[in-house]
Amino acid sequence: MKILLTGGASGLGESITRTLAKDDNNTVYFTFSQSLAKAQQLEAEFQNTIAIACDFADEKAVETLAQKITELDLDVIVHNAYSGDYLKTHFHKIETTDFLTDFKVNVLPVVTLTQAAINSFRKKKSGKIITVLTSALVDVPPVGSAVYTSNKAYLAKLTQVWANENAKFNITSNSVSPAFMETAMTSATDERVKEQMIESNPAKRLLTTEEVAVAIAFLVTDSSQINGKDFVINAGDTLK
């Protein structure tokens, strides 16, 4: 499998890269922006990984990456990269420009790369699109998550559009919606909030990035009959 993973050098992305690279049959291309040292470390550990520098705030860099997708002859694209804070402040206190800025960095690049991937996949009559969303779309969104969850909600609908429009070309589009994880993006979260999340979680612990990576790996190798599905990873919290 030839796989392109966005944001694959740190946090959840690093766990996904490591999990996918353990299969010698995979070639894992992963993007990074500021985590050069971690990207180099992954390349040193896994000979089947290739790091690609790409700042999603740079439109030209994204376009260059999109142009490379055809020559990479990908089988799978995994949208994981996200730039910005998980929690900001109450909705009514957020600057309007924050919504626009985060949309440009976190949604438009996904649109550009997916269009390129679908054009390539349609020629091959096969391909898989996997998108990382959030369980906040099915749980009660945390206070301060307006920008983050709105971006993820936009992508959630797009994953369904991709699944519906491309099924006849043997192209699937699925997503995973993980609960809160401790990563660099969520490191500023108040400890009291984390404690509340642990208490409300049926498993009484926070989700790990490794657990989500396993779910991504499943979707990489799953049947084309699994299409248009969102896999919520929250220990069954919504069943309570």
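Tutor: Start with the largest cavity, which holds about 50 Å³ of space. Keep in mind that this is a predicted model. The structure holds 1 cavity of 30 Å³ or more. Its lining is made by T6, H79, N80, A81, V110, T131, V132, K152 and L155. Two elements give two or more residues to that lining: β5 and α6, the latter spanning 146-166. By type, the lining of this cavity splits into 4 nonpolar residues, 4 polar and 1 charged.

V132 is touched by I216. I216 also touches I16, V78, I130 and V176, leaving out residues up to four places away in sequence. Look at I216 and V176 again. In the largest nonpolar core, of 29 residues, these two touch the most other members. Several elements give two or more residues to this core, among them β1 (2-5), β4 (76-79), β5 (127-132) and α8 (209-221). Helix α8 gives the largest share, 6 residues. A second, separate core has 28 residues, including L72, V107, L158 and I171.

Next, the aromatic rings. The whole structure has 4 aromatic pairs. Take F103 and Y154. Their ring centres are 5.0 Å apart and their planes stand at 85°, so this pair is edge-to-face. F103 sits in helix α4 and Y154 in helix α6, so the pair links parts of the chain 51 residues apart. F103 is partly exposed, at 21% relative accessible area. Y154 is partly exposed too, at 43%.

Helix α8 brings in another pair, F218 with F231. Here the centres are 6.3 Å apart and the planes are at 75°, so this pair is also edge-to-face. F218 lies in helix α8 and F231 in strand β7 (residues 230-233), so the pair ties together parts 13 residues apart in sequence. F218 is partly exposed at 42% relative accessibility. F231 is partly exposed as well, with a value of 29%.

Last, compare an open space. The second largest pocket has a volume of about 220 Å³. Its lining includes F56, D58, K104 and T112. Helices α3 (59-72), α4 (96-106) and α5 (108-124) each give it two or more residues. This lining divides into 6 nonpolar residues, 1 polar and 4 charged.

Definitions and conventions
Residues numbered from 1 in each chain as written. Predicted model: local features only at pLDDT ≥ 70, side-chain atom pairs only at ≥ 80, totals over all residues. Heavy atoms only, no water. Core = buried A, V, L, I, M, F, W, Y, C linked by side-chain atoms within 4.5 Å. Buried < 20%, exposed > 50% of the residue type's maximum accessible area, 1.4 Å probe, protein only. Helix = DSSP H or I, 4+ residues; strand = E, 2+ residues; numbered from the N terminus. Contact = heavy atoms within 4.5 Å. 1 Å grid on protein atoms, 1.4 Å probe; cavity = no way out; pocket = protein on both sides within 12 Å on 5 of 7 lines; lining within 4 Å. Points joined across faces, edges and corners; volume = space filled by probe spheres on them. Nonpolar A, V, L, I, M, F, W, Y, C, P; charged D, E, K, R; others polar. Phe/Tyr/Trp six-rings, centres within 6.5 Å; stacked < 30°, edge-to-face > 60°.
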